[in-house]
Amino acid sequence: MNLPLNTDLTGKVAVITGAAGTLCSVFSRALAASGAKVALLNRTYEKAQRIEACIRAEGGEATAVQVDVCDEGSLVAAHEQVLRLYGPCDILINGAGGNDPMATTDCETYDQVTADAPDKKSFFDISKDAFSRVFGLNLLGTLLPTQVFACDMTAGGTIINVSSMNAFCPLSKIPAYSAAKAAE
């Protein structure tokens, strides 16, 4: 992998949530190319395994770990696995997040015609459960991994929280995602 910077992370342990996503898979490869041992935390294990294989093919060190960032027990088990394999975490990248079509409106703006249309979902049709799932993933999915892995970093380390433009300018049609990103 051709890196724009020459950073030596040999001996460092990097933990990345959402590691098989578009951005975090590239972050993972770059950290491994810089010498870090990378724990690829992802909800879908098979996707993390593909990134692990890519990193290993490039000469890096990585391991795929299945985890649910909204489940503290899952994170504690992942932490124990990373400690056994690589040692304490030095770098944490919180990249897990996303949206759910059930928490999305059909139209950019609200109007009475849309509200009365049976085939269109407005802000008033979004269920509390769908909103909570998205909000929880994007807010608790950053808080919980930090609580679990930052205990390794009391003497120093780096935590990076990946967000989206919603943190600066909430987008329409995705109120739960916008609310969670603004809260980060």
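Q: How do the axes of α1 and α2 cross?
A: This is a predicted model, where local features need pLDDT of at least 70, side-chain atom pairs count only at pLDDT 80 or more, and totals for chains, interfaces and linings use all residues. Residues are numbered from 1 along each chain as its sequence is written, and side-chain values use heavy atoms, with hydrogens and water left out. The axes of α1 (residues 22–33) and α2 (residues 45–57) come within 10 Å and cross at roughly 30°. Axes are lines fitted to C-alpha atoms, for helices over the stretch in contact, and angles run from 0 to 180 degrees between N-to-C directions. Helices (H or I, at least four residues) and strands (E, at least two) are DSSP runs, numbered from the N terminus.

Q: So what do we call the arrangement of α1 and α2?
A: α1 and α2 are therefore roughly parallel to each other, a label for angles under 35 degrees.

Q: Which residues in α1 and α2 meet?
A: From α1, Ser25, Ser28, Arg29 and Ala32 meet Ile51, Cys54 and Ile55 of α2. Contact means heavy atoms within 4.5 Å.

Q: OK, switching to the sheet. What's the strand order?
A: Five strands make an open sheet, ordered β3-β2-β1-β4-β5, with parallel pairing. Two strands pair if DSSP finds at least two bridges between them.

Q: Which strands stand at the edges?
A: β3 (61–66) and β5 (158–161) do; each has a single partner strand, so one side of each is left without a neighbour in the sheet. The twist averages 15° from one strand to the next.

Q: How many bridges join β1 to β2?
A: Five bridges link β1 (residues 13–17) with β2 (residues 37–42), and the two run parallel. Threonine 17 stands opposite leucine 41 in β2.

Q: Which strands does α3 touch?
A: Helix α3 (residues 72–85) packs on the sheet and touches β1, β2 and β3, its direction making about 155° with that of β3. As for α2, that helix lies across β2 and β3 and runs at about 180° to β3.

Q: Zooming out, how many helices and strands are in the chain?
A: The protein chain has six helices and five strands, and along the sequence the pattern reads β-α-β-α-β-α-β-α-α-β-α.

Q: And what share of the residues is buried?
A: Buried residues (under 20% relative accessible area, 1.4 Å probe, protein chains only) make up 40% of the 184 residues in the protein chain.

Terms used
Parallel < 35°, antiparallel > 145°, perpendicular 65-115°, else oblique. Buried < 20%, exposed > 50% of the residue type's maximum accessible area, 1.4 Å probe, protein only.
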